[in-house]
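Here are my notes on this one, point by point. Have the model open while you read.

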Amino acid sequence: MDDVGSFEAITPGTDLPRYARELVRMHDAVIGGGRPPLRPRTVVARSWSRVLAAGLAPDRTNTRAILPLDDIEQRRRATPLQEVIGDLSRILTSVADSSQMMMVVTDADGIVLWRSGAARVRSRADDLGFREGATWTETTVGTNAIGTALAEAVPVQLFSGEHFEQSQHPWYCTAAPVHDPRSGDLLGVVDVSGPALTLHPTVTALVSAAVEIAEGQLLHRQYERLQRLRDTAMPTLSALTGPALLIDRHGWVAHATGVAPARRIAVPNAERAVQVPGLGLCVAEPLLDGWLLRPAPGDARIRMTLDLTGPPMVRSTGGEADWRTPLSRRHAEILLLLHRRGRRGMSVAELSTAVHGDPDHAVAIRAELSRLRRILGSVVESRPYRIAAGVELTLDLGDADRLADCPFLQAADRSVRQALGLTEH
């Protein structure tokens, strides 16, 4: 069969029993180093290469660790997907209950949080460890639609012998990532799985429609939350005389007065001032389910020191209070790279190359910068990434006479040192 693309594993009219036998022979030949009767699809070949490099075995069921129920419930409460699990269930479970299939929803880590559908299929899935609390990534259970969709960042359908583990050959699975329509962040994966010989071409359209509806509902409910926040805060907003922002507790802007804001800013902290594009240094006041931000009086600059004399940390002065915050090594490297680049800044590809040695880790870089903003506030601007104009960042290298002699940098990866223009010893 031709490579029908990343998503569909079959085409209408495919002889499923015959094709399943061919794929199993292909699997055994490729994994065993022989000459296969047909080539694996490109997405499958890439996944098998990753899984083999991770050291997984195809002829046994690799270890399945199941999270305790309390941990599963905590993850359910933490993910925005809990807001739309009812919508997904109404779309998919009604079909799954009357067919030989089940619906599975994971979080962004590939951990199964919800599962429903035909009882017989769920019982067979239990034998695989394919149940709530299981981690269903490539590095844990081999090539599978959920894990491969996470690795490739695209929808994936796998059929029979395209799975890496032989124990999964009697299955098909069709999975698509779900993203936060506001920020683009990956939230998790929606999957429909069942016995391989029951796969129907319409399953791909069913999963795609479910994901589209879920993302639409997330956006609609966000609009409703912001409107409730505006309505409740209107008496306070109408009494203001200067510029201000009203944001929800996640940093999404509900209302702006005297400023044209971005759609979202870093979540503020009542104990420290925050740099807001268009307003400068602002004081954050808790208000209902969000924050009211107004320009801070006096000096409108944040002075920060990246302390590399020991475990990396940031010290800051400016605003209502001085503060210090420990940083991860990766966050310290990113701040240092942006500091060296100055107002020219760096693209996400340049940061990926500097930190990881190649430009292919854009998603990881964006996630690190999102976490950095949650820790420090809006100290980094986007497009390109650079230290915000209202922030003065200095370095504390301790006893080191120059950057290259700093113990922190001497232990850094080669790509980071090269990006900083440091010579190798």
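1. First, how the elements are named: helices (H or I, at least four residues) and strands (E, at least two) are DSSP runs, numbered from the N terminus. With that in hand, Arg-25 sits in helix α1. Keep in mind that this is a predicted model, where local features need pLDDT of at least 70, side-chain atom pairs count only at pLDDT 80 or more, and totals for chains, interfaces and linings use all residues. Residues are numbered from 1 along each chain as its sequence is written, and side-chain values use heavy atoms, with hydrogens and water left out.

2. Back to Arg-25. Its relative accessible area is 46%, so Arg-25 is partly exposed (buried means under 20% relative accessible area, exposed over 50%, partly exposed in between, with a 1.4 Å probe and protein chains only). Ser-99 is 74 residues away along the chain, and 28 Å separates the C-alpha atoms of Arg-25 and Ser-99.

3. His-27 also belongs to helix α1, which covers residues 16-31. Buried or exposed, then, is His-27? His-27 counts as buried because its relative accessibility is 1%. Leaving aside neighbours within four places in sequence, His-27 is in contact with Trp-48, Pro-58, Gly-161, His-163, Phe-164, Gln-166 and His-169 (contact means heavy atoms within 4.5 Å). The side chains of His-27 and Asp-28 are joined by a polar contact of 3.2 Å. For that term, the cut-off is a pair of N or O atoms within 3.5 Å; within protein, one must be able to donate a hydrogen and the other to accept it, and residues adjacent in sequence count only if both atoms are side-chain atoms.

4. Gly-55 is in the loop between α2 (42-53) and α3 (69-78). With a relative accessible area of 55%, Gly-55 is exposed. Gly-55 and Thr-139 are 84 residues apart in sequence, yet 8.6 Å apart in space, C-alpha to C-alpha.

5. On the overall layout, the protein is divided into domain 1 (16-220), domain 2 (240-295) and domain 3 (302-420); such bounds come from an automatic or database domain assignment. The C-alpha centres of domain 2 and domain 3 are 24 Å apart.

6. Which residues have the most contacts inside the largest nonpolar core? They are Leu-88, Val-105, Phe-130, Trp-136, Ile-146 and Phe-159, in a core of 62 residues. Another core lies apart from it, with 44 residues, among them Leu-327, Met-346, Ala-362 and Leu-369. A nonpolar core here is a set of buried Ala, Val, Leu, Ile, Met, Phe, Trp, Tyr and Cys residues joined through side-chain atoms within 4.5 Å. Not counting residues up to four places away in sequence, Phe-130 touches Met-102, Val-104, Val-112, Arg-115, Ala-125, Trp-136, Ile-146, Asp-191 and Ser-193.

7. Arg-383 and Pro-384 are joined by a cis peptide bond, with omega about 0°, and Pro-384 is placed in the loop between β14 (380-381) and β15 (386-387). Ala-153, in the loop between α7 (145-152) and β3 (156-159), has a positive phi of about 60° although it is not a glycine. Ser-160, in the loop between β3 and β4 (171-179), also has a positive phi, near 50°. Ser-160 is buried, its relative accessible area being 3%.
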